[in-house]
Amino acid sequence: MKLIFLGPPGAGKGTQAVKIAERFGIAHISTGDMLRAEMREGTELGNAAKDLIERGELVPDDVILGMVKNRIRQDDCKNGFLFDGFPRTIAQAEALEAISPIDHVINLEVPVERLISRISGRRMCPDCGAAYHVSKHPDARCDCGSTLYQREDDKEETVRNRLVVYERSTKPLIEYYANKGLLHSVNGDADVDVVDAEIRAVISK
Ligand code: AP5
Ligand code: MG
């Protein structure tokens with residue numbers, strides 16, 4: 001099974017992707033997590049992406065496509081994969097079409113005011129990629145034992161630009177995939193388990 005999770009920053013793509021990928025035995029491919037790993041390792045790609053990410057801008061399509069092409073060749077993608085945060089532009093979606101067919105596109109819908117409060121309280125695990133919210137998980141440690149951190153691009157000013165960039169570059173993908181008959185919109189403004197159940201129902205239809 002090959003899935004795409006669409007949605008604005010803070011919609012819950014990562015939170016839901018972890019659950020669905022595990023349940024269906026498919027690889028969770030988050031281009032954001034991959035870029036953050038490159039930044040932590042101080043690679044050339046990571047250093048080039050850092051400034052763009054911290055300003056809330058997109059990383060160039062060719063860089064992202066190179067990463068994704070390599071990633072889906074890996075063994076854990078044999079049963080399928082779930083893209084979280086990719087594609088993010090029409091050009092990326094068109095390039096993906098030439099690489100692999102997709103079964104379903106899940107679009108998580110959450111009101112803007114909720115996105116800001118979700119992101120400002122988010123804490124991330126540098127090792128397993130889990131995301132928590134301080135209101136529900138005040139502990140400084142991840143369930144896997146690592147120390148949680150706040151993403152550089154989760155500062156309010158950057159978040160506002162990420163939302164502008166989403167509206168301009170990524171939102172058009174909703175219509176793009178609706179026209180292809182692949183889009184399923186899911187209410188992301190509900191309890192995590194309720195959203196998970198709705199996504200599973202859509203995929204299993
Ligand atoms: P990326 O890491 O993909 O960030 P994003 O799209 O902005 O999305 P987020 O990770 O902020 O949110 P999410 O939807 O995953 O929400 P989460 O589950 O964490 O990309 C970062 C940057 O990398 C980009 O800005 C860009 O520069 C670059 N980049 C990445 N991919 C790219 C691409 N393809 N092309 C070009 N550039 C690219 O949840 C958020 C919070 O809400 C958490 O605290 C969570 O605990 C909480 N929460 C989740 N669900 C619920 C719920 N149902 N109820 C209550 N709280 C919830
Ligand atoms: Mg995410």
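Predicted model: local features only at pLDDT ≥ 70, side-chain atom pairs only at ≥ 80, totals over all residues.
User: How many salt bridges does the structure hold?

Analyst: Side chains of opposite charge can pair when their charged atoms come close. Here a salt bridge means a side-chain nitrogen of Lys or Arg within 4 Å of a carboxyl oxygen of Asp or Glu. The structure holds 19 of them. In one, Lys-50 pairs with Glu-54, with 3.1 Å between the closest N and O atoms.

User: Where do Lys-50 and Glu-54 lie?

Analyst: Both are in helix α3 (residues 44-55), four residues apart, or about one turn of the helix. Helices (H or I, at least four residues) and strands (E, at least two) are DSSP runs, numbered from the N terminus.

User: Which residues in these pairs are buried or exposed?

Analyst: Buried means under 20% relative accessible area, exposed over 50%, and partly exposed in between (1.4 Å probe, protein chains only). Lys-50 is partly exposed because its relative accessibility is 38%, and Glu-54 is partly exposed at 25%. Another bridge joins Lys-78 to Asp-75, at 3.6 Å between the closest N and O atoms; both of these residues are exposed.

User: What about Asp-196 and Arg-200?

Analyst: Their side chains meet in a salt bridge at 3.3 Å, N to O. Asp-196 counts as buried because its relative accessibility is 3%, whereas Arg-200 is partly exposed at 29%. Elsewhere, salt bridges with shared partners link Arg-122, Arg-151, Asp-153, Asp-154 and Arg-162 into one network.

User: What volume does the second largest pocket have?

Analyst: On a 1 Å grid over the protein atoms alone, a pocket is an open set of points where a 1.4 Å probe fits, with protein on both sides within 12 Å along at least five of seven lines; lining residues have an atom within 4 Å of a point. The second largest pocket has a volume of about 260 Å³. Of its 18 lining residues, Asp-33, Met-34, Asp-127, Cys-128 and Gly-129 are the closest to its centre.

User: Which element gives the most to that lining?

Analyst: α2 does, with five residues.

Note on methods:
Residues numbered from 1 in each chain as written. Chains lettered and ligands numbered in written order. Heavy atoms only, no water. Points joined across faces, edges and corners; volume = space filled by probe spheres on them.
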